[in-house]
Amino acid sequence: MALLRRRNKASGSGTKEEEEGAEIEVEEDDDKNKKEKKKLGKTEKANSSKKAKEKWSCVDSCCWLIGCICTIWWLLLFLYKAMPASFPQFVTEAITGPLPDPPGLKLRKEGLRAEHPVVFVPGIVTGGLELWEGHQCAEGLFRKRLWGGTFGEVYKRPSCWVEHMSLDNETGLDPPGVRVRPVSGLVAADYFAPGYFVWAVLIANLARVGYEEKNMYMAAYDWRLSFQNTEVRDQTLSRIKSNIELMVATNGGKKAVILPHSMGVLYFLHFMKWVEAPAPMGGGGGPDWCSKHIKAVINIGGPFLGVPKAVAGLFSAEAKDIAVARAIAPGFLDNDRFRLQTLQHVMRMTRTWDSTLSMIPKGGDTIWGGMDWSPEEGYSPSREKQRNNDTQFSQSEIVNYGRIISFGKDVAEAPSSEIERVDFRGAIKGSNVANTTCRDVWTEYHDMGLGGIRAVADHKVYTAESIIDLLYFVAPKMMARSSAHFSYGIADNLEDPKYSHYKYWSNPLETKLPNAPDMEIFSLYGVGIPTERAYIYESSPSAECYIPFQINTSANGDIEDSCLKDGVYTVDGDETVPVLSAGFMCAKGWRGKTRFNPSGIKTYIREYDHSPPSHLLEGRGTQSGAHVDIMGNFALIEDIIRVAAGAKGEDLGGDKVYSDIFKWSDKISLPL
Amino acid sequence: MASSVLRFRKLCFIEPAVKSSSSCSSTETTSDHNIGNFVVLEEKKSKKIKSKNISSVGKREWRCIDSCCWAIGCICTAWWVLLFVCQCLPATLPVREAPGERLRRDEGLAVLHPVVLVPGIVTGGLELWEGKPCSDGLFRKRLWGGSFTEIFKRPLCWLEHLSLHNETGLDPPDIRVRAVPGLVAADYFAPGYFVWAVLIENLAKIGYEGKNMYMAAYDWRLSFQNTEIRDQALSRLKSKIELMYVTNGYKKVVVVPHSMGVLYFLHFMKWVESPPPMGGGGGPDWCAKHIKAVMNIGPAFLGVPKAVSNIFSAEGKDVAFVRAVAPGVLDSELLGLQTLEHIMRVSRTWDSVISLLPKGGDTIWGNLDWSPEEGNSCDLDKKANAQLSTGDVNFNHSDGTRGFRVKEPVKYGRIISFGKAASQIPSSRLPSPDLKELLRLRSSAGLSLSCGEVLTEYDEISRESIKRIAENKAYTAQNAFDLLRFVAPKLMQRAEAHFSHGIADNLDDPKYDHYKYWSNPLETKLPHAPEMEIYCLYGVGIPTERSYVYKQSPSDKCKSIPFRIDSSADGEPDSCLKSGVYFVDGDESVPVSSAGFMCAKGWKGRTRFNPAGISTYIREYRHKPPASLLEGRGVESGAHVDIMGNFAFIEDVMRVAAGATGSDIGGDRIHSDIVKMSQRINVQL
């Protein structure tokens with residue numbers, strides 16, 4: 001194995017070496033080329049001239065070739081190591097002109113210093129997980145990362161890996177004999193994979209103004225578990241409470257600034273309710289804990305109201321994963337290691353992760369739109385055009401975003417009166433036809449039988465509300481667990497004592513914000529990237545051992561910049577979270593004194609318009625608005641540092657909005 | 001290692017390319033020589049000769065460069081094959097089963113009390129948070145611990161960043177180096193060199209994990225109180241212990257400090273009880289409420305003589321195991337022949353080293369004529385064997401002592417003596433030390449400006465006074481302090497505000513509320529926690545530095561340390577004197593008397609140091625070197641750090657963590673003469 005890899009690398013470097021020929025001594029290069037030619041012509045030579053060949057036995061040639069490659073490889077390696085660390089920067093500057101100071105340095109020059117302790121709450125997928133106890137097949141992996149890092153084990157022992165990453169299908173906790181735990185400390189989510197930063201850029205910039213381990217804390221948690229289970233199993237919430245209290249106490253009583261990202265936003269909502277609730281269900285911090293300990297909650301790309309992607313993920317395991325699994329997923333999904341059943345394995349594994357259920361769209365049709373209506377209707381994806389000639393844009397297609405899943409493009413576009421729907425809820429699930437032939441792979445689809453599958457397809461259209469029912473139908477075990485931990489509705493009466501149960505805590509539409517009038521809530525997110533909003537599905541051609549539904553990738557829009565591409569309707573957002581989900585609460589739901597925000601906590605929306613990196617050297621860009629890459633956005637980092645150094649929302653300039661979030665929020669009629 | 005080999009091979013390739021006219025045979029021999037240790041070589045060489053013989057016609061085409069390529073190719077291939085074979089080997093070599101697995105299976109041991117690990121000096125990792133331009137790109141990279149590559153890449157920059165401020169003992173301006181947090185801080189010191197990893201792994205086997213195991217990492221360069229002032233490390237530890245106590249169903253914690261961590265935790269226990277702002281405000285019953293047991297590993301309660309020589313001449317290497325990396329550093333010429341001086345300069349900014357100086361003065365460590373260890377047999381192996389064979393400890397003890405009386409007993413009390421003679425002659429013939437005069441002399445001595453940049457404080461001391469130091473011939477634990485105050489005035493001035501090394505006459509004196517006394521067990525009372533248990537776990541059976549024979553350095557040039565250990569001073573075979581160092585029984589770093597005295601006598605029963613009558617237990621582990629190479633650092637080692645992989649030790653810790661008390665695991669287990677030694681020490685209790 002090692003041998004093969006080494007050789008590949010070496011030959012790769014060989015070609016690189018030819019490109020960068022100028023950097024390497026010329027004479028050596030010539031020599032090498034000569035030899036290379038000789039080498040290539042070796043076989044011909046063997047045929048034509050026997051006498052010249054005699055001294056070049058095959059083994060010798062091989063050795064010679066390997067020697068050459070190795071030497072060049074080492075030479076390059078040496079040059080690379082000897083290269084001063086500032087060299088890449090020098091090259092970049094030579095090409096693009098001087099770079100702007102990173103925000104940390106710039107603000108330090110302005111005299112900003114560390115003031116409030118900072119807490120990071122990572123999102124789903126981005127946190128590392130390590131093995132503490134495993135089965136026989138995981139020998140030698142003790143305290144090694146199973147998730148995050150290099151993912152080497154995925155390739156080495158895939159089924160073992162899947163087995164250890166899965167949770168118990170009944171309890172949603174550890175399967176027997178396996179303990180996989182979150183990595184703790186800043187390393188948990190600074191880089192997701194080598195070179196793929198998550199929090200690292202932000203951490204480095206905060207460090208420039210004086211932050212360090214004692215006033216920065218990564219609230220790492222096991223993102224596979226439902227939120228309350230992180231407390232039940234690992235006491236994570238207690239740990240976060242204790243750490244925030246400690247940091248506030250040791251930093252001279254300065255309140256903490258919380259930075260949740262992605263699903264961490266919901267996790268922290270849950271935390272704020274938990275900490276106020278009395279023990280044993282809650283943390284017993286009392287009703288003024290948040291106002292005493294929290295200065296501001298700066299939500300980054302928060303899916304407050306869920307993401308449609310989660311539906312597709314649960315329904316057919318297709319939307320890849322919520323944040324960055326995409327980066328590794330292509331190779332992972334397409335390889336044949338799992339004997340062509342990668343997707344089923346992935347589905348089986350992810351369906352044991354309760355946390356994905358926290359991101360199912362919340363608020364039903366009121367928020368996400370019904371059969372004929374949606375808050376985003378009239379949205380045109382090409383904002384440039386929209387800005388230039390406003391008049392034209394009314395002609396563009398009207399998309400029924402409310403129909404999150406439709407079977408067939410015609411169904412997605414037809415007026416609701418023309419769609420014939422058959423209710424699937426009572427459908428009898430057929431006998432289990434597949435289980436014997438599908439080897440060991442098993443998803444709940446194999447329990448449904450063909451009858452159930454047909455019934456699902458016959459229902460044609462699913463809106464946000466009926467999707468919950470759909471999921472109950474196709475994944476009963478998962479949803480049974482889900483209903484114990486999450487809720488997706490809108491509260492009619494928030495005073496109802498049932499809302500003190502923890503399953504409502506992560507739903508902003510079923511909880512009140514804490515009584516902390518001095519606290520501030522920010523919603524920071526990127527805009528300007530097409531984001532999945534609704535899907536066109538079809539039945540899989542071969543339904544036996546496969547997931548019976550898949551996104552109809554052939555469905556494309558009729559006009560040029562249609563919102564429909566490859567079976568997916570997109571709206572404005574940060575590639576993962578639609579603007580509506582990220583912004584609605586701060587734009588309307590919590591704005592002013594509402595029933596969801598009885599103490600009138602101030603809310604601010606800060607949007608960051610996406611502009612892709614201008615060239616390769618910029619890496620993932622300093623002005624990106626993408627869900628994870630936004631953590632490297634200089635404007636966002638600057639805002640965060642200012643708040644951490646004591647600024648208020650008004651000091652930053654209040655709202656900064658590029659999208660139509662206020663217009664869309666107005667269309668949503670929700671009693672406040 | 002591998003990288004240097006690779007580089008050498010590369011050189012071997014380039015050289016002939018540059019001067020390809022040079023003879024073929026010479027390059028061949030260099031390359032051959034280079035790969036001498038590869039097995040494949042022989043057959044390759046023979047093949048080469050064969051091919052030459054077969055076709056002398058094409059010989060001119062075999063140029064040097066080809067041969068080189070060929071040779072490198074051979075080596076690489078062989079290397080890969082070996083690597084491949086190595087990877088294919090079954091991961092589990094036949095090693096003894098780890099105690100964690102066994103205890104869980106056979107006795108059903110399971111996690112009960114949360115565990116706190118307190119690392120010692122040197123073993124904790126340090127990482128960079130802010131640095132000078134020379135440290136570009138090292139943000140949040142380890143400067144200490146890990147692979148230490150930066151030492152070789154940019155040594156001066158590295159030294160600059162690891163130094164502390166010479167006046168305050170805190171960060172120098174614009175540099176922030178901080179302790180690595182979490183279990184990774186000290187699980188491995190360098191790749192493959194475990195510290196806590198084995199213990200952690202075994203604890204995990206019975207169910208421990210991140211939530212009930214905490215590594216109390218702190219910046220081990222700082223004085224203990226400064227870790228609180230700068231990093232709030234003590235507050236953090238308090239909060240963590242309270243949290244673990246609550247979240248684990250109100251189970252008290254078991255604290256496992258190692259080496260200097262023992263002193264750190266002593267300091268913590270006093271700190272947590274004291275009222276703010278100096279203390280943590282936990283109240284007098286905090287320890288009783290939160291701590292089940294303190295299991296001190298290789299405790300340096302009363303200091304280590306090594307620390308004296310370390311400060312005096314930077315020679316005693318370091319307290320735990322810089323030794324593992326030091327040889328390469330000390331001998332390399334990277335720093336321009338002044339490695340030792342640089343090291344001295346840096347390590348003298350580290351206040352924590354002072355906490356390890358011998359405590360209790362002559363009462364504990366002996367004076368010019370007397371020492372508690374006298375009569376100690378240095379032939380530890382022989383003694384061990386004798387004991388094992390007869391099994392009658394008492395008999396052997398008396399026998400050994402009798403055998404020794406024939407010889408002149410070693411005067412261990414003289415921690416530093418100049419010349420072998422001075423370490424042995426009766427005290428009446430020694431000149432009386434007169435350091436007061438020296439101190440006066442120092443103030444009048446002009447700076448030797450000729451030396452340019454001052455590297456160490458020695459450069460500020462005149463040659464004359466250096467001679468006077470040596471004339472004083474012998475120093476005991478007590479006046480070694482005067483000596484150090486003289487040679488390292490800044491360090492001692494800083495450090496003595498943070499540490500004290502005496503014995504308290506009256507522990508109720510309010511002055512003992514000051515934090516500088518908190519880490520000295522002879523000047524503090526243990527907390528009022530009658531149910532708590534204190535263990536002293538340490539290795540025995542390894543010769544351990546106890547006192548030194550010094551000489552003046554031959555070179556009188558600038559910027560050199562004027563004293564060094566007289567490594568030519570050797571005793572007769574079986575003597576305690578070897579290469580200028582007198583040895584006693586211990587764990588290679590900490591002598592038995594320092595590790596065991598408090599548990600054996602100072603705190604035993606209800607004494608003035610232990611008013612609550614906390615029970616103490618001594619568990620000694622006799623050192624046995626690893627039987628074979630496959631065992632690595634051994635599962636029965638007693639060495640200061642390697643003991644953390646000792647199975648008997650791990651078993652003891654696990655049993656206590658799972659709820660056992662000291663008497664459950666068998667009470668005291670003593671191999672050394674600690675009880676007898678303690679009896680000779682005359683401390684009022």
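Modeller: Let us begin with a definition: a polar contact is a pair of N or O atoms within 3.5 Å, and within protein one atom must be able to donate a hydrogen and the other to accept it. Please keep in mind that this is a predicted model.

Colleague: What makes the pair R230(B) and D219(B) a polar contact?

Modeller: Their side chains are joined at 2.8 Å, and the limit is 3.5 Å. The pair therefore meets the distance condition of a polar contact. A polar atom of the R230(B) side chain also lies 3.5 Å from the backbone oxygen of V177(B).

Colleague: Where is R230(B) placed, and which residues does R230(B) touch?

Modeller: R230(B) belongs to helix α9 of chain B, which covers residues 224-231. Leaving aside residues up to four places away in sequence, R230(B) touches K214(A), L170(B), D171(B), V177(B), R178(B), D219(B), R221(B) and L222(B).

Colleague: Why is R230(B) called buried?

Modeller: Buried means under 20% relative accessible area. R230(B) has 8% relative accessibility, so R230(B) counts as buried.

Colleague: How many disulfides are found over all chains?

Modeller: The search of the whole structure finds three.

Colleague: How do you know that C137(A) and C160(A) form a disulfide?

Modeller: The cut-off is a pair of cysteine sulfur atoms within 2.5 Å. In C137(A) and C160(A) the S to S distance is 2.1 Å, so the pair qualifies as a disulfide. C137(A) lies in the loop between β2 (129-133) and β3 (145-147) of chain A, and C160(A) in helix α9 (residues 158-165) of chain A, so the pair ties together parts that are 23 residues apart in sequence. The torsion about the S-S bond is about 80°, so this disulfide is right-handed.

Colleague: What makes C134(B) and C157(B) a disulfide?

Modeller: Their sulfur atoms are 2.1 Å apart, which is within the 2.5 Å cut-off. The link is right-handed, with 85° about the S-S bond. C134(B) lies in the loop between β2 (126-130) and β3 (142-144) of chain B and C157(B) in helix α7 of chain B, so this pair ties together parts that are 23 residues apart in sequence. C134(B) is partly exposed, with a relative accessible area of 32%, whereas C157(B) is buried, with 9%.

Colleague: Why is helix α7 of chain B described as mostly covered?

Modeller: Six of the eight residues of this helix (residues 155-162) are buried. Among them are C157(B), W158(B) and L159(B).

Colleague: Which parts of the chain does the pair C536(B) and C599(B) link?

Modeller: The sulfur atoms of C536(B) and C599(B) are 2.0 Å apart, and the two residues form a disulfide. With 70° about the S-S bond, this link is right-handed. The pair links distant parts of the chain, 63 residues apart: C536(B) is in strand β12 (residues 533-540) and C599(B) in helix α23 (residues 592-602) of chain B. Both C536(B) and C599(B) are buried.

Methods. Residues numbered from 1 in each chain as written. Chains lettered and ligands numbered in written order. Heavy atoms only, no water. Buried < 20%, exposed > 50% of the residue type's maximum accessible area, 1.4 Å probe, protein only. Helix = DSSP H or I, 4+ residues; strand = E, 2+ residues; numbered from the N terminus. Contact = heavy atoms within 4.5 Å.
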